[in-house]
Amino acid sequence: MSGLALATLLASSVAYRVSGQETGAPDNTMSQMKMPTSKDASKVGALPPGYAEVSIAADVQQRIGVTLGTVRRTPLTMTIRTVGIVRPDETKLAHIHLKTEGWVEKLFITFTGQKVKAGEPMLSIYSPAFYAAQREFLVALQYSRSAPSSGQQNVVDTARQRLALWDVPKNTIQALEKTGKPSKSLIMRSPISGTILEKKTFEGQYVAPQGELYVVGDLSTVWVQGKVFAYELPHIALGMPATVTFPSLATRNFIGKIVFIDPVVDEMTRSVQVRVEVPNPNGLIKPGMFAHVLISHAMGSGLTVPTSAVIRTGERNIAFRAVSADRFVPVQVEISPLRFDDRFQILGGLKAGDEVVTSANFLIDSESRLRAGGGGMVGMPGMGVDEKGAGEKPQKQKDTKSAPEEDADHSKMRH
């Protein structure tokens, strides 16, 4: 019996020695890892599938560039950016045509880009038809004076009206009536004040009603023609303000308003043309200029985080919340499908005041996944948890015999 008891005691001591070797202290690469406390067990259980809490020492955070951002309530402003080209306001264009026919005698407006005022002469036309119409008016007027009658007065009024329909000024008709001398030339005058955008005539040219002579544009307001995508249409409405900037006028911002939204979506680009009317009292904005258009739609306020704080995996959206100076917990968050500048709206998973990782979060994400799978980043001290079974298993300790003891054993074997 005493022999059996001694054998049992020896087996127990050997088992204790082996167990102590296998559960020895971890190596240096795991020396900075921290273990979650027992009161965190409920949090660990609520982690997203495939993720684990990560602890990172302060010096490691500095090396990998970890930065934090705060969940806070901000205005929700949907910003739509597009580009456009400046065009003349089509409601303030005048296409100059002659209402009779004849030959151009003289040009008063001689080049494109010239300024013109309303009523200013543009060119003189020699027109046999105009000369004949004046003669008819004078004859009718003479007969009405010599033998006044209602019928003869109707003839005079008809001849006068014919001259007026040819855009002959009223004072010119009155001068003709007083002097009784028909004019050889018909003077065409500008109907509006503006800039000559096109000049299509020259002296000596024969012109007819179908030929266009000038295009005059009032550039006190201009249009910026841009395009927005179809999914942005709910955030655009007629009358909304828009900020317009120009690369050539980089120091100036111009405020316009949306005056037209194309009712048809382009099938190829899935975009819609939008027209912004911009005041241009000083003439700084020129047709053909390239413009940047910014349209803002205020949608109240809500909780937001920087877009860099959210990792979108396709299956879920993950953010890493800082629960202490060196501990980060993965949180599954719900975000709005809309993006507000460089921030996402948080619909669930975080609350106001929470701090989340905004840079180096992909490294932390990788470490969290590795830790959940029982691994860890090799050569990255301070990242992970050192709880048993939650990180790299410490290597099995080798036999701790010293060198002299090993030499003694070898000498015994030789003997």
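**Chat about the cores and a helix pair**

Me: Let's start with Y214. Leaving aside neighbours within four places in sequence, what is Y214 in contact with?

Reply: This is a predicted model. In it, Y214 is in contact with A94, H95, I96, L107, I109, M122, L123, I196, E198, K199 and T201, once neighbours within four places in sequence are left aside.

Me: And the largest nonpolar core, how many residues does it have?

Reply: That core has 30 residues. Those with the most contacts inside it are M122, L123, F137, L163, Y214 and V216.

Me: Which elements each supply at least two residues of this core?

Reply: Among the strands, β4 (93-97), β5 (102-107), β7 (121-126), β8 (185-189) and β11 (212-217) do. On the helix side there are α4 (128-146), α5 and α6.

Me: Which one gives the most?

Reply: Helix α4, with 6 residues.

Me: What other core lies apart from it?

Reply: One of 22 residues, with L219, V228, M240 and A291 among them.

Me: Switching topic: at what angle do α5 and α6 pack?

Reply: About 140°, with the axes 10 Å apart; α5 covers residues 150-165 and α6 covers residues 170-179. Because of that angle, α5 counts as oblique to α6.

Me: Is the crossing left-handed or right-handed?

Reply: The crossing of α5 and α6 is right-handed.

Me: Which residues meet there?

Reply: From α5, R160, L163 and A164; from α6, I173, L176 and E177.

Technical notes. Residues numbered from 1 in each chain as written. Predicted model: local features only at pLDDT ≥ 70, side-chain atom pairs only at ≥ 80, totals over all residues. Heavy atoms only, no water. Axes fitted to C-alpha atoms, helices over the stretch in contact; angles between N-to-C directions. Helix = DSSP H or I, 4+ residues; strand = E, 2+ residues; numbered from the N terminus. Parallel < 35°, antiparallel > 145°, perpendicular 65-115°, else oblique. Left-handed = near helix turned anticlockwise from the far one by under 90°. Contact = heavy atoms within 4.5 Å. Core = buried A, V, L, I, M, F, W, Y, C linked by side-chain atoms within 4.5 Å. Buried < 20%, exposed > 50% of the residue type's maximum accessible area, 1.4 Å probe, protein only.
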